[in-house]
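Dear colleague,

Please find the structure we spoke about below.

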Amino acid sequence: MNLTYEPGTAVVLVGLSGAGKSTFAQRRWPASWRLNLDSYRAMATDSEADQSATPVAAQIQDLLLDARLSRGLTAIVDSTGLLPHVRAHLLARARYWQRPAAAVLFDVSLDQCRRQNTGRSRVVPDHVLAEQHRHLPTADQLLAEGFRFVDRITSASPAYLEPVHAR
């Protein structure tokens with residue numbers, strides 16, 4: 001499957017840890033397009049899990065997001081994207097550069113994320129997954145926030161996109 005967006009689109013992946021966001025992104029988009037907060041934490045501390053590095057990782061992500069959007073290049077933001085203020089910040093960056101913003105919502109069940117989480121090299125504690133699940137927005141919420149398009153990965157068919165908003 002080829003997901004294509006208008007050049008210069010900020011594509012925000014939204015979903016729980018273990019929902020398959022990074023795997024999905026790695027299979028579909030070039031490495032140069034993907035901005036991965038875990039990778040920046042690892043670069044700063046040698047650990048993707050070191051949450052103390054999140055502020056620095058977010059600064060790196062913002063610099064690279066601005067660099068790509070200012071040049072009209074697509075950027076895939078690979079983090080959980082679960083908190084409204086984080087999404088608002090990313091939408092603001094896209095608006096600043098006058099670029100469209102799209103979301104890929106990983107609407108995957110908590111049980112499926114728990115199963116997939118157990119096979120990861122960095123297992124996220126169950127109470128964190130449960131808290132993340134409480135913050136999972138709906139496609140309608142994402143559209144209302146200002147995303148031009150929302151594509152949805154469902155627990156029933158995680159390998160396929162189900163368009164929520166026609167392009």
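This is a predicted model: local features need pLDDT of at least 70, side-chain atom pairs count only at pLDDT 80 or more; totals for chains, interfaces and linings use all residues.

Residues are numbered from 1 along each chain as its sequence is written, and side-chain values use heavy atoms, with hydrogens and water left out.

There are 8 salt bridges in the structure (a side-chain nitrogen of Lys or Arg within 4 Å of a carboxyl oxygen of Asp or Glu).

One of them joins Arg41 to Asp38, at 2.4 Å from N to O. Both residues belong to helix H2 (residues 37-45), and their spacing of 3 residues amounts to about one helical turn. Helices (H or I, at least four residues) and strands (E, at least two) are DSSP runs, numbered from the N terminus. Arg41 and Asp38 are both buried (under 20% relative accessible area; exposed is over 50%, partly exposed in between, with a 1.4 Å probe and protein chains only).

Asp66 and Arg93 also pair, with their closest N and O atoms 2.9 Å apart. This pair links distant parts of the chain, 27 residues apart: Asp66 is in helix H3 (residues 54-70) and Arg93 in helix H4 (residues 84-96). Asp66 is buried at 19% relative accessibility, and Arg93 is buried at 18%.

Between Arg152 and Asp107 the closest N and O atoms are 3.0 Å apart. Arg152 is partly exposed at 21%, as is Asp107 at 29%.

Finally, a network of salt bridges links Asp111, Arg114 and Asp126.

Best regards
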